[in-house]
Amino acid sequence: MKDLFGGIFQILKLLSRNRVGFLGFLMVVFFILFSYIGPYFIPLDTSADIGMIYHPPSLAHPLGTDHQGRDIFSQIVHGGRELLTVAFIAAAISTFIAITFGSLTAFAGGLFDSLIMSVTDLFLTIPRFPLLLVLAGFIKLNNPIFLSLLLGLLAWPTLLRAVRAQVLSLKQRDYVEAARALDLGTAHILFAEVLPNMMTYIIISFTLAVTYAIYDQVGLVLLGLVPLATNNWGVMINLAWVRGAIFFKDSLWYILSPVAMIALFQLSLVSLTRSLEEVFNPRLRGSH
Amino acid sequence: MSRTGVSGTATGGASNFVVKLRPARRRYSTYLLRRLGKAIITIFVIISLTFFLIRLMPGNPVQIYINQLVAQYGIPYEDAKNQAAALFSIDLDAPLYLQYFDFLGALIRGDLGESFLSKGTPVVSIIKKFLPWTLFSVGISLCISFMLGVFLGMMIAYRRESMMDHVLTGIASAFSSIPNYLIAILIVVFLGVQWGILPIHSMRGSLSPGMKPSFSLAFIKDVLFHAFLPILTYVLTTTGGWMLAMKGSTLSTMEEDYVTVAHARGLKTGRITTAYVGRNASLPLFTQLAVSIGFIVGGSALIESIFVYQGIGAVLANSIAQRDYPVMQGVFMIITMSVVVANLLADFLYSKLDPRIQLGGGE
């Protein structure tokens, strides 16, 4: 336990070396707390009030009201959880696929390697987003688990190539050679010797996978291809666009709030990865 | 696979250069052939994939369409089936593998079936009408953002740690991390609605009503006027990536021995900057060209829908929203095929520009 806290403290200290990255880290933590804990404190008020349509921000409504006179702030508080959950699950799935197959092909080599790599190359050439759109036209994506599965199953190719390259280079290191000389078995070498050295890399890949999943997911929602009935930030943008609210001057707060949340979340994730790279790659330190 | 080629030339000194030339050229042509073969296989897999998507997906669109005709219009089942078969240009009574060959045969004749929604309109004519606009807008923006990125990236590499470096790097990371469709929405909201700088409503479509294609200034102006917003969005969101890549590449090229030697020889700084550093630093960026083509074309469905620009991306989004399956499969196939062809061209372009790749092969 003490080790764990010591480790976390160490990482925080390293993270704070890069100002932009640390800000990104704090923002990501904020977005997660805001979206998962916020809903317990701020109730979702969905009662329409015709007298309150498109009111500017006030004390009662910190972000103003929407086209039905509902509070925008509470919609923002409640609008992140599902979006983030789907993105995290999708990222976990694609990272898992990429790491498993990426490291296995790097170790196996031969026919298995070239087979997996041809499939990967093929998936890399097919533009992911149109494929996702077409699949969304066939499969009813009314279940968040389904959606995250689909997003995760399409996002692994870039990651897999990168993991394979990493493992190929780690494979050549002395301690791995030593482990192999001791005949410790592929599973042991992979999980006990190689993967721990890739942890940082995996965390970075996972973070980037979350950004891809958010991009794809909000894109699908924006085009109205995901019939999620809840209000999440993507749905809010879709409604504002479909109902023409973005062409209406007074709706600025309604459209800007979810756009800002998604844009800032993506921005914080990307700056976090920049910082992580620096933390775990000592050669980059001091260049900023 | 072919990595031996690199070490072969690295060890081979100047003395046996002439001897090496011949095998190198042969290896180059096998590289081209292998690359071409890979592209053909990819296209074949995509064609097959689209066929099996419509036939084997859980919500089989052919069956849905037949049921719809029977239920809504009271058309006898056999007639409805024939109608669906005509729209998809497949014989539905044949076994699956024969249907597949039918589909391939029709495809070779340039027949992709007809649209569900606007009956009598071949999918091919829809593609012919809308694809050029996407190729045009994406192509122009790629050229602009690539050149702009190379220029700015080099500039900040030379002025490292300056105010301009920090500002431009910050802007570049921001614009490349925010999803492009959100940038598009922000453009509509601010430039179009809040500040009223751009007439976004008359910028919709790919041409003004009544405008006939011709080589006149008025026509070119109109085309650019309508393509302006998609191009602006693509350029804003992709220039940053090129810039950061060029900055990194320039920084590492500046440390190369031949640059040091060039300085020692007393060559003019301008010449070193452009011919020695700039040229070599921008070469690795060409490999990323292929990836970014795919990304921009893929994202065109969202961008074109938001700006109501009539390109193939908007057609794809519409056909999916309305479940016009023949159009959906045809457009998906064409988008993917154009990405494959563009990747191929980018690869060839790269191998033409960088002689080393001719020996190195695919990696």
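Phe247(A), Val188(B), Ile200(B), Arg204(B), Leu229(B), Ile306(B), Phe307(B) and Val308(B) line the largest cavity. This is a predicted model in which local features need pLDDT of at least 70 and side-chain atom pairs count only at pLDDT 80 or more, while totals for chains, interfaces and linings use all residues. Residues are numbered from 1 along each chain as its sequence is written, chains are lettered from A and ligands numbered from 1 in written order, and side-chain values use heavy atoms, without hydrogens and water.

**Cavities and pockets**

A cavity is a set of points on a 1 Å grid over the protein atoms alone where a 1.4 Å probe fits but cannot get out; a pocket is an open set with protein on both sides within 12 Å along at least five of seven lines, and lining residues have an atom within 4 Å of a point. Grid points are joined across faces, edges and corners, and a volume is the space filled by probe spheres set on the points. By this rule there are 4 cavities of 30 Å³ or more.

| Space | Volume |
|---|---|
| Largest cavity | about 40 Å³ |
| Second largest pocket | about 360 Å³ |

Let us look at that pocket. Its lining has 19 residues, and Leu15(A), Phe25(A), Ile203(A), Leu272(A) and Leu276(A) lie nearest the centre of the second largest pocket. Helix 11 (186-222) of chain A is among the helices that each supply at least two lining residues, along with helix 1 (2-15), helix 2 (19-36) and helix 13 (252-280). The largest share, 6 residues, comes from helix 11 of chain A.

**Chain A as a whole**

Chain A has 13 helices and 0 strands, where helices (H or I, at least four residues) and strands (E, at least two) are DSSP runs numbered from the N terminus. Its C-alpha atoms fill a box of roughly 80 × 45 × 35 Å along the principal axes. Of the 288 residues in chain A, 50% are buried, meaning under 20% relative accessible area with a 1.4 Å probe and protein chains only. Taking contact as heavy atoms within 4.5 Å, 72% of the contacts in chain A between residues at least 6 apart in sequence join residues at least 24 apart.

**A residue of chain B**

Thr42(B) sits in helix 2 (residues 17-56) of chain B. Thr42(B) counts as buried because its relative accessibility is 8%. Beyond its neighbours within four places in sequence, Thr42(B) is in contact with Leu122(A), Thr125(A) and Val340(B).
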